[in-house]
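Hi,

Here is the structure I promised to pass on to you. Have a look at it first, and then read my notes below.

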Amino acid sequence: TPVLFMRAPEGVLFELVAGGLRDIPVAPARVETARAVQRTREHNIRALGLIGPAATESDASLLAQEQVELTRVRRLIRFRALAGAGAAIVALVLFAAAWLGLFNWLPWFLRPEAYAVWVGDRLSTPELDARIVLVVADSISETALGRPWDSTWRAEHAQLIERLSRAGAAVIAMDVVFDTPRVAAVDAQLADAVQRARARGTDVVLAAEEWAGDRLNLLPRLASLATAAGVCVGKRPLQSATILPLATRRGAAEPIPSLALAAAMGLRRQKLLGLDQAARSLLLRDAAGEVRTHGFTEVERISGLQPGCRFLREDDVSANLLIEHTDLKVLRGTQHRLRYEEVVAEQEPDLGRVRGRAALVGRLFAGDRFRIWRGPLSVERRYGVELHADALNTVLRDVVIRPAGNAIQFAATLLLAVAGAAIAGLALGDWPRRAALVVVAGLWLTVCAYVYAEDRILLIALIQLAALVSAHAIARRTKRWVFP
């Protein structure tokens with residue numbers, strides 16, 4: 001055997017042929033073997049060509065057979081090279097398009113990463129932190145108080161803050177805007193209630209929607225007593241999660257926290273110091289003076305006015321967080337909910353359940369409802385204060401939903417592109433090939449859902465599945481050209 005190998009020009013004694021496209025070399029070792037076979041066939045043709053006039057009919061037949069086999073192996077190598085190059089180009093183009101945001105215009109039902117998030121949510125539904133209590137007003141509350149929700153409720157707001165702080169609430173976060181002076185005596189009553197709450201150790205967080213100069217627009221007396229927080233909830237229909245500006249920085253000023261972040265800082269006795277864009281994390285100092293970090297999903301530089309988010313201006317830097325949604329039945333259950341009119345009733349109720357907790361106060365009305373997709377055919381409608389509760393829950397559980405890094409995203413895109421090209425090279429009929437594509441796509445979505453459920457990491461399945469299909473189509477055309 002060693003002598004035979006030494007006599008073979010390329011060390012190739014046999015070529016195992018399965019027939020058709022099953023012989024396409026995929027692994028590097030098989031590619032090297034195919035190239036060795038090609039060189040051996042070329043050597044054999046040269047050797048047979050040197051026989052000249054003495055060649056017999058058998059020699060001529062052998063020469064023709066060698067030429068046919070050489071053409072076959074060259075086509076196999078060429079198809080492998082072209083299909084691989086096509087897969088790489090597809091992966092590069094699609095990844096670049098995704099990086100530039102060219103897929104953002106697609107409707108939610110065409111974005112396969114949505115399905116991964118929906119499935120992931122079903123695999124691990126987040127629990128609602130026991131420290132969150134919602135105090136909500138609705139049409140029943142308006143009937144009980146005898147007038148619609150408007151600025152005339154400030155006296156009731158003052159009474160609500162008074163009672164919740166006396167009950168030991170750690171934080172009272174009001175999803176209510178106090179930006180315009182009304183009745184001076186009532187405004188003073190509200191400010192006094194906030195001041196007394198602060199003296200009892202209760203943090204009061206007040207919502208603001210606009211800027212007044214270099215600060216959020218809040219009644220001057222309240223601004224010195226309470227924490228001002230920006231309220232803005234944007235929506236991204238591709239995910240079951242919702243995007244939230246967790247903190248916003250304007251120029252060199254200190255970042256402004258969102259209502260949820262301010263409530264979480266109040267519970268944890270923290271102060272917002274700054275925003276680290278490179279590390280995608282907020283810098284917070286706790287009561288012991290130690291600096292801690294809290295991650296967020298992405299950094300966004302605002303390019304223009306944002307509909308429904310008036311406090312964001314052009315060139316602001318927004319630290320965005322994708323929030324998780326808890327079970328709506330739990331969120332609306334009596335364990336985590338108080339009714340506004342009962343808290344301010346003439347006979348003060350037992351409010352022991354708010355001790356040491358964060359009370360989120362808001363109104364449930366049609367103009368403040370958001371559609372949240374929880375599956376391809378499942379949609380929920382949640383009120384703004386409920387989304388703030390979800391956001392607070394996400395922050396308190398230290399959950400940070402982030403896309404995988406660029407290297408991982410590109411590697412995954414390239415892997416799916418190669419898989420698509422490989423399926424095109426299989427000696428299968430049309431329907432088996434399509435079935436193979438569906439199976440690979442399903443397996444990949446399962447992987448995406450598992451990764452999201454376990455680590456809250458998003459793989460952009462859209463470009464990866466597009467790479468699978470595109471590389472397969474290009475490889476099919478290449479095959480028809482290489483193997484006419």
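A residue counts as buried when its relative accessible area is under 20%, as exposed when it is over 50%, and as partly exposed in between. By that rule, 48% of the 484 residues of the chain are buried. Keep in mind that this is a predicted model.

Some more on the whole chain before we zoom in. You'll find 15 helices and 19 strands in it. If you take the contacts between residues at least 6 apart in sequence, 71% of them join residues at least 24 apart. The chain exposes about 23,600 Å², and carbon and sulfur atoms supply 57% of that.

Now for a sheet you can pick out by eye. Three strands make up an open sheet, in the order S9-S10-S11, with antiparallel pairing. Which strands stand at the edges? They are S9 (271-276) and S11; each has a single partner strand, so one side of each is left without a neighbour in the sheet. On average, and ignoring direction, neighbouring strands here are turned by 30° against each other. Helix H9 packs on this sheet and touches S9, S10 and S11, and its direction makes about 125° with that of S9.

Let's go into the hairpin. S10 (residues 281-285) and S11 (residues 291-295) pair over 5 bridges in the antiparallel sense. Two of the partners to look for: Leu284 has Arg292 as its bridge partner in S11, and Leu282 has His294. The hairpin has 5 residues between the strands, and Gly289 takes a positive phi near 90° there.

On to the charged side chains. How many salt bridges does a search of the whole structure find? The count is 23.

Start with Glu162 and Arg196, whose side chains meet in a salt bridge at 2.8 Å, N to O. Glu162 sits in helix H6 and Arg196 in helix H7 (residues 184-199), so this pair ties together parts that are 34 residues apart in sequence. Is Glu162 buried or exposed? It is buried, because its relative accessible area is 12%, while Arg196, at 38%, is partly exposed.

Asp398 and Arg268 form another salt bridge, at 3.4 Å, N to O. This one links distant parts of the chain, 130 residues apart: Asp398 is in the loop between helix H12 (384-396) and strand S18 (402-403), and Arg268 is in helix H9 (residues 259-268). Both ends are partly exposed, with Asp398 at 48% relative accessibility and Arg268 at 24%.

Then there's Glu341 with Arg339, where the closest N and O atoms are 2.6 Å apart. Glu341 counts as buried, at 14%, whereas Arg339 is partly exposed, at 22%.

Last, go back to helix H6. Salt bridges link Glu162, Arg163, Arg166, Arg196, Arg200 and Glu348 in a network. Arg163 is found in H6, which covers residues 154-166. Why does Arg163 count as buried? Because its relative accessibility is 7%, and the cut-off for buried is under 20%. Leaving aside neighbours within four places in sequence, Arg163 is in contact with Val343, Val344, Ala345, Glu346, Gln347, Glu348, Pro349 and Leu351.

Happy browsing!

Methods
Residues numbered from 1 in each chain as written. Predicted model: local features only at pLDDT ≥ 70, side-chain atom pairs only at ≥ 80, totals over all residues. Heavy atoms only, no water. Helix = DSSP H or I, 4+ residues; strand = E, 2+ residues; numbered from the N terminus. Buried < 20%, exposed > 50% of the residue type's maximum accessible area, 1.4 Å probe, protein only. Contact = heavy atoms within 4.5 Å. Pairing = 2+ DSSP bridges. Salt bridge = Lys/Arg side-chain N within 4 Å of Asp/Glu carboxyl O. Areas by Shrake-Rupley, 256 points an atom, 1.4 Å probe, with all protein chains shown as cover. Axes fitted to C-alpha atoms, helices over the stretch in contact; angles between N-to-C directions.
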